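Let's take a walk through this structure and look at how its charged side chains pair up. Keep the sequence and the 3D view at hand as you read.

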Amino acid sequence: MSDEHAGDSGAAIPPTGPRNALTDVAGLRVGHAGRVGDGWLTGCTVILTPDMGAPPGPPGPGGGTVAAVDVRGGGPGTRETDVLDPRNLVEHIDAVLLAGGSAFGLDAAGGVVEWLEERGRGFRIGPRPDQVVPIVPAAVLFDLGRGGDWRARPDAAMGRAAAEEAERAGPGAPVVEGCVGAGTGATVGGMKGGIGTASAVLPSGVTVAALAAVNAAGSAVDPETGALYGEPNTRPPADAHAEARRRLAAAVAESARRAEVARHPPLNTTLAVVATDAELSPAQAQKLAGVAHDGLARAIRPAHLMTDGDTVFALATGDRPGPAGATPLAAALVFNELLAAGADVLTRSVARAVLAAEGVDTPGGRYPSYRDLY
């Protein structure tokens, strides 16, 4: 994909950041952990927010990152999402966990919380530096049994490993895409899904970026043309598309034959994080998470189904000034640019995840990638 191109309105889309990744938002770190083989096909991804250090003085929040969440799918699996309601006490978080394993995978958050507590990061409860409660919102996707073993799913040790990997990678590091982390066992429309990420730098200098773990009941591919909804330039020749559809149908039938859940409808969920270095209030961050869902719906059709748990987290590190203007309307128009960019980078993240994915053949199912088929 090019760094600059035209959107549906014909307006120029801002250029990407230097890595075209979530880590173009300064201070964010991304780490993956997963396991493949011997019945395993699952993993988790941790996004660490900048460590600003807990301020001295009475109990209260540390210097974390403003966060919000918007859940649109009918079957979500989440932890610590109610705390992100703008009406509630906590406004800052220390990390976000995305994981496979359905509800079982939420156990991975415990490993991230313990790892952060050991470093004194979290909401300060008492006067001592170690008296903290790390705030780690989490969401999970369904990949149970895809590697062959129904009981192979992320746990606290895997969550800790992802947090450690994020620390080792450091802020600003490239983000590995494809079948890693929470995308290890992901699928989309019968094809292999995975992790994708993208960024944009607005004329103001503000960066907006996203990371998606693409695991959808819907499809990322236009059934008429074979092009990715999120990247129309991928349109293949008609004969190649016809052959790809035949091969995908065969793979889906084979996966259904192998899977322990073959008699049930597909259970999925796409998870995403959209972030900016602009200063946003919790309510503005929640608006960003909500509008970013539009980008998800442009890249996957249909989205937000009852068998999805589509969840988008929004992060705002506050390194740059937030939307402002001489009047409330002027400030709103500036904010509009940031919101539109959030949706756009999430659309591109989904496309990049599908393009980066590699096909797998396991006892639990055969999942070709887009690149395998086209």
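**Charged partners**

There are 16 salt bridges in the structure, a salt bridge being a side-chain nitrogen of Lys or Arg within 4 Å of a carboxyl oxygen of Asp or Glu. Side chains of opposite charge can pair when their charged atoms come close. Before we go on, note that this is a predicted model, where local features need pLDDT of at least 70, side-chain atom pairs count only at pLDDT 80 or more, and totals for chains, interfaces and linings use all residues. Residues are numbered from 1 along each chain as its sequence is written, and side-chain values use heavy atoms, with hydrogens and water left out.

Start with Arg-72 and Asp-70, a salt bridge whose closest N and O atoms are 2.6 Å apart. Asp-70 is buried, at 16% relative accessibility, while Arg-72 is partly exposed at 37% (buried means under 20% relative accessible area, exposed over 50%, partly exposed in between, with a 1.4 Å probe and protein chains only).

Now find Glu-177, which is partly exposed at 23%. Its salt bridge is with Arg-352, with 2.8 Å between the closest N and O atoms. Glu-177 sits in the loop between α2 (156-169) and β10 (187-188) and Arg-352 in helix α5 (residues 328-356), so this pair ties together parts 175 residues apart in sequence. Helices (H or I, at least four residues) and strands (E, at least two) are DSSP runs, numbered from the N terminus.

Next, Arg-246 and Glu-243 form a salt bridge (2.6 Å, N to O). Both lie in helix α3 (residues 238-258), 3 residues apart, about one turn of the helix.

Finally, look for a network of salt bridges: it links Glu-118, Arg-119, Arg-160, Glu-164 and Glu-167.
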